[in-house]
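Q: I would like to learn how to read a structure like this one. Could we go through it feature by feature?

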Amino acid sequence: MASSTESKYSFIKDRESKDSDSDSESMGLLREAMAQRNRRRALWPWIAHIVLFITSLGLFVTGSVRYNKSLKSEASIEPGWTQEYGPAVRAVGQRHGWQLLGAFDQPSPWRGEPNPELDEAWEKITHAGVFSVTAEEVERIGKMHNSTVLLPKESGGGYMASLEATHQLHCLDMLRKFSFRDYYADKAAPFSDAHKLRTHMDHCTEMLRQVIMCNADMHIITYNWVGHVDYPWPNFSINRQCRSWDNMLDWIMERTAHTKEKDGLIHRPPGAAIMDVNPVEYVHIDF
């Protein structure tokens, strides 16, 4: 009977021991699961940072590629013969935000009654020389033919070119001077001859008309109520994206072709091919 009791007691102890081992094993598994979960939790911030970094890097690379493409051609859908000059576009850089100062009485170094200081201000933003471009660049814009001016070696060689922006501002300055033609009668070359002056002014007006209509600016002008009138007053202070004019002038100046000729002009060499144009005397561009 005693042995039966001991056997039963031994069975109970073995069962308790197994249960205890099972509990210990379960607790161990539970602790391991909790540890793994904690490790995963600890990893999530790192994973999030890595994903954010990769996303940011991707956006940066994409933005850089798009920016470089935009500098190569701001209107890439245009055919090559109508595109702006790529090296100048890339050198001048990305357009920046700017608000036009559109008040009717807005002070400016470039407005007012003519005087030496005003002329100097205009000279700084309009005076730019010519530079050299390659035969391939001339061909790309559809202008290559045998009468294109080839710069002499002393001026750097290549073909003679200038930027249209400087011509447009020159025309604007000529119109400004024309509004004060009595003052400039003995100070600017075209003003000494009425016919040449009229032709020059008509040319400038027509060129600026075409440029303005070609660009067809789609920015909007808003209107305000103001104290001195009882009808809508236009607000010409428009927000735009603008190129740096100073950067453009710096780029031109670094590449300006120079000549040893006393009058600053390149003279046609003997036998050079010519293009037929009306015999109107234009103001030449100084080097």
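A: We can start with one residue. This is a predicted model. Leaving aside neighbours within four places in sequence, Ser155 is in contact with Ala257, His258, Thr259 and Ile266.

Q: Where in the chain is the place of Ser155?

A: Ser155 sits in the loop between helix 4 (135-140) and strand 3.

Q: Does Ser155 count as buried or exposed?

A: The general idea is a cut-off: a residue is buried when its relative accessible area is under 20%. Ser155 has 9% relative accessibility, so Ser155 counts as buried. Across the protein, buried residues make up 20% of the 287 residues.

Q: How many helices and strands are there in the protein?

A: The protein has eight helices and six strands. Along the sequence, they follow the pattern α-α-β-α-β-α-β-α-α-α-β-β-β-α.

Q: What share of the contacts between residues at least 6 apart in sequence join residues at least 24 apart?

A: For this protein the share is 66%.

Q: Which residues touch the most other members of the largest nonpolar core?

A: The general idea comes first. In soluble globular proteins, nonpolar side chains tend to be buried together. Here the largest nonpolar core has 14 residues, and those touching the most other members are Tyr85, Phe131, Val133, Leu163, Met248, Trp251 and Ile252. At least two residues each come from helix 2 (86-92), strand 2 (131-133), strand 3 (159-161) and helix 8 (245-255). Helix 8 gives the most, with four residues.

Q: What does Leu163 touch?

A: Not counting residues up to four places away in sequence, Leu163 touches Ala88, Phe131, Met248, Trp251 and Ile252. Apart from this core lies another, of ten residues, including Met174, Phe178, Leu197 and Cys204.

Q: At what angle do helix 5 and helix 7 pack?

A: Helix 5 (residues 164-179) and helix 7 (residues 194-215) pack at about 130 degrees, and their axes are 9 Å apart. The crossing in which helix 5 passes helix 7 is left-handed.

Q: Which residues make the contact?

A: Helix 5 contributes Glu164, His167, Gln168, His170, Cys171, Leu172, Met174, Leu175 and Phe178. From helix 7 come residues including Leu197, Arg198, Met201, Cys204, Leu208 and Val211. Sorted by class, the contact of helix 5 with helix 7 has eleven nonpolar, six polar and two charged residues.

Note on methods
Residues numbered from 1 in each chain as written. Predicted model: local features only at pLDDT ≥ 70, side-chain atom pairs only at ≥ 80, totals over all residues. Heavy atoms only, no water. Core = buried A, V, L, I, M, F, W, Y, C linked by side-chain atoms within 4.5 Å. Buried < 20%, exposed > 50% of the residue type's maximum accessible area, 1.4 Å probe, protein only. Contact = heavy atoms within 4.5 Å. Axes fitted to C-alpha atoms, helices over the stretch in contact; angles between N-to-C directions. Left-handed = near helix turned anticlockwise from the far one by under 90°. Nonpolar A, V, L, I, M, F, W, Y, C, P; charged D, E, K, R; others polar.
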